[in-house]
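Here are some notes for a colleague who is opening this structure for the first time.

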Amino acid sequence: MSAIGIRVRASAGTRPRVRGLVWLVARQHRAALWAGLAMVVAIAAYIVWQRAEMMGYIRAHDIQGCAEQNREGLCHGREIDPRDGTSPTAEALRHLSDAYRTPLLNTGRLLIALPALIGVFIGAPLFARELETGTHRLVWTQSVGRTRWLIAKLALPLIAVTAGTAVLAALYTWWWRAARPQLQDIAWGTAVPFDATGPAAVALAPLSFLLGATAGLLLRRTVPAMVVTLGATAGVQYGLDALRPHLMTPRTVVSDAPGAFPSIPRKVYFTAWRDLGGGFLTRSGEKVPLDRCSSATDSEDAWNRCLERFGATRRWYEELHPASHYWPMQWMQTGICLAAAVALAAVCLWWIRRGRA
């Protein structure tokens, strides 16, 4: 019985234990699996601890939802004093932001970096190291076909990284949803938190892993594959950030009178992803973005002449994504990432069946 064939060991009173190709793959990557598990546990414990501390502070100072109270300057009937922030409630809100805003954002950045680390240190060496050293030939001579070898090599790490990322994304989403009412200056559509929460965060992990695996299979060299994977993953994340505002059509809000800013309901204002664009409308309703006249800001006369050239009136408009767009956009980005991951897996299968490795 070969070293990588199926081994069955049985003894009296015990069930047979099957060891085969999956066992071999698990043994090859046991160090990475244990390290990944330790990292997931550590990050998960940190998120749970930070959220518990934050919620304890909010309850102790009775400031739950104070950042989105309907009446200006009041929180549960207490004065916030927004002019100078000297009231105890205002002090508590400021301390809450100072103490928990940075940990929240930094943890999100770490979770965004995880897919790149997965692709570089797990995906890229997966095939490249064996192809570079030639050890894959030993496996192929032990009655293990190329396709079976590739599927076994991909399956276990893919399941592990997806499961670990799902746990961390779920916990970070749990933390973010509790912190969001208090930290409304952080737009939900920016990289943090969008790429670190929900299914979109989970889908980035298998995509980056398969980017690395494909690069290693094609390049057959570990270091070049790692470099290519890092650049490709960074490019994917940059492209997703640029595409995100266009996944759904933004809602346009228009001012009721010339010279006035758009009137946005308070609930929509505090929960929307804003700063997507704005400007003036023409008499026919066409949009004239502000950047059309960005070169004419030297004087008010130059600004007015520029607007007149485009036929703009003094009616403002602003584009935004309301909070109701969050989950549809999450699933759209998830679909894009998973479709790309399936395509990369298909490339790997096609390449190995063609005998290119």
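How much space lies in the largest cavity? The answer is about 70 Å³. This is a predicted model, in which local features need pLDDT of at least 70 and side-chain atom pairs count only at pLDDT 80 or more, while totals for chains, interfaces and linings use all residues. Residues are numbered from 1 along each chain as its sequence is written, and side-chain values use heavy atoms, with hydrogens and water left out.

1. Cavity. On a 1 Å grid over the protein atoms alone, a cavity is a set of points where a 1.4 Å probe fits but cannot get out, and lining residues have an atom within 4 Å of a point. A volume is the space filled by probe spheres set on the points, which are joined across faces, edges and corners. The lining of the largest cavity consists of Leu111, Leu114, Pro115, Thr165, Leu168, Ala169, Asp195, Ala196 and Ala201. Two or more of its residues come from each of α3 and α5.

2. Pocket. A pocket is an open set of points with protein on both sides within 12 Å along at least five of seven lines. The largest pocket holds about 710 Å³ of space. Its lining has 28 residues, and Ala32, Leu33, Gly36, Ile122 and Val161 lie nearest the centre. The largest share of the lining, 10 residues, comes from α3; α2 (30-61), α3 (88-133) and α5 each supply at least two. Helices are DSSP runs (H or I, at least four residues), numbered from the N terminus.

3. α5 and α7. Helix α5 (residues 146-179) packs against helix α7 (residues 198-219) at an angle of about 150 degrees, with the axes 8 Å apart. That makes α5 roughly antiparallel to α7, a term for angles over 145 degrees. Axes are lines fitted to C-alpha atoms over the stretch in contact, and angles run from 0 to 180 degrees between N-to-C directions. Among the α5 residues that meet α7 are Val161, Thr165 and Ala169; contact means heavy atoms within 4.5 Å.

4. α5 and α11. The axes of α5 and helix α11 (residues 326-353) come within 11 Å and cross at roughly 165 degrees. The two helices are therefore roughly antiparallel to each other. Arg146, Trp149 and Arg177 are among the α5 residues in this contact, and Trp327 and Arg353 are among those in α11.

Methods. Angles under 35 degrees count as roughly parallel, over 145 as roughly antiparallel, 65 to 115 as roughly perpendicular and the rest as oblique.
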